[in-house]
Amino acid sequence: MLIDSHAHLDSPRYADDREAMLQRAAQAGVEAVLAIGIGEGPTEMHQALDICREFNGQPGMPRLYASAGIYPHNAADADDAALAELDGLLAQPEVIACGEIGLDYYHDGAPHPVQREGLIAQLKIAAARKRPILIHCRPKDGETDAWDHLFEVLDEHWASTALGGVMHCFGGGWEQARRSLDLGFLISFAGNLTYPKAQPLRDVAARVPIDGVLVETDAPWLAPNALRGKRNEPAFVTQTAQTLAELHRVSADDIAAATTKNFARLFNLTV
Ligand SMILES: [Zn+2]
């Protein structure tokens, strides 16, 4: 049984078949999905929670959890009202994480200082609500400044909480993986782990101890290689798990058991 630790279930791309898509996940052995609550901006942060409440308890479905957070490029919208809304969402029992939040220097969008301030404001709320964080960190190709700035912020504003978090869709090198593990974070690998050109990432993944990994889809984006370019969905997390299993020379069942245990440990769940 697997957990997809990061999927945008509120994407409009599931408007026509969301229930069937979730049933396919359960049939593929996905026992739980963490639905990411960022929407297209802070006014849509509640959508992941809404989906949890709509489907949890229905037979033949994975267990759903939610997050809420303000994405780096929406940081300019992290005003008092949005932060109050975030605080209220994090108080809900289904909303187990704050995210995805972080720094994105790859795409043009919110200025870097605005992203940083938005991140810090959300760290304070997550700390008060005792919710681990889901980090999105993407530097420009060949640079590490986003990572360097991220670790500066986490060292100052998050490490002391000991709440940890997840490095979502990890794309850094070993140095960034090691620093993340030292901070008590789990490293979550997505479908890009399966891409032919991703050997450097696979080399890092092979070195991350099995008690420090998660798998995710980042659906509807980043479909694994066999389905690349198509709409992704939680059922396909099996392919990333298979690749991670091969890298660690263990069975797919071993990866499923380890990632489920890691997820439960981080979020204090009995799954
Ligand atoms: Zn995402």
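Two strands are said to pair if DSSP finds at least two bridges between them. In this predicted model, strand β6 (residues 165-167) and strand β7 (residues 185-189) meet that condition, with 3 bridges in the parallel sense. Within this pair, Gly165 has Phe185 in β7 as its bridge partner.

The pair belongs to a wider arrangement. The model has an open sheet of 8 strands, in the order β1-β2-β3-β4-β5-β6-β7-β8, and the pairing is parallel. At the edges stand β1 and β8 (213-215), each of which pairs on one side only. From one strand to the next, the twist averages 30°.

On one side, 4 bridges join β2 to strand β1 (residues 2-7), and the two run parallel. There, Ile3 stands opposite Ala32 of β2. Strand β3 (residues 63-68) is also joined to β2 by 4 bridges, again running parallel. How much of β2 is buried? Strand β2 is mostly covered, with 6 of its 6 residues buried. Buried here means under 20% relative accessible area.

Glu31 is found in strand β2. Leaving aside neighbours within four places in sequence, Glu31 is in contact with Met1, Leu2, Ile3, Pro62, Arg63 and Thr260. Glu31 and Ile3 are 28 residues apart in sequence, yet their C-alpha atoms are 5.8 Å apart in space. In a regular strand, side chains alternate between the two faces of the sheet.

Strand β1, helix α1 (residues 18-27) and β2 make a right-handed β-α-β unit. Strand β2, helix α2 (residues 47-55) and β3 make a right-handed β-α-β unit too. Helix α2 lies across β2, β3 and β4, and its direction is at about 165° to β3. Helix α4 (residues 112-128) packs on the sheet as well, where α4 touches β4 and β5 (133-138). The direction of α4 makes about 160° with that of β4.

The peptide bond leading from Gly99 to Glu100 is cis, with omega near 5°. Another cis peptide bond runs from Ala219 to Pro220, with omega near 15°. Pro220 has its place in the loop between β8 and α8 (237-248).

Leu222 is found in that loop between β8 and α8 too. Its phi is near 60°, a positive value in a residue other than glycine. Leu222 is partly exposed, with a relative accessible area of 25%. Ala162 also has phi near 60°, a positive value in a residue other than glycine. This residue lies in the loop between α5 (145-157) and β6. Is Ala162 buried or exposed? Ala162 counts as exposed because its relative accessibility is 70%, and the cut-off for that class is over 50%.

The last stop is towards the end of the chain. Asn268 lies in the segment after α9 (252-267). With a relative accessible area of 71%, Asn268 is exposed. The C-alpha atoms of Asn268 and Gly37 are separated by 20 Å, and the two residues are 231 residues apart along the chain.

Note on methods:
Residues are numbered from 1 along each chain as its sequence is written. This is a predicted model: local features need pLDDT of at least 70, side-chain atom pairs count only at pLDDT 80 or more; totals for chains, interfaces and linings use all residues. Side-chain values use heavy atoms; hydrogens and water are left out. Buried means under 20% relative accessible area, exposed over 50%, partly exposed in between (1.4 Å probe, protein chains only). A crossover is right-handed if, with the strands pointing away from the viewer, the path from the first strand over the helix to the second runs clockwise. Axes are lines fitted to C-alpha atoms, for helices over the stretch in contact, and angles run from 0 to 180 degrees between N-to-C directions. Contact means heavy atoms within 4.5 Å.
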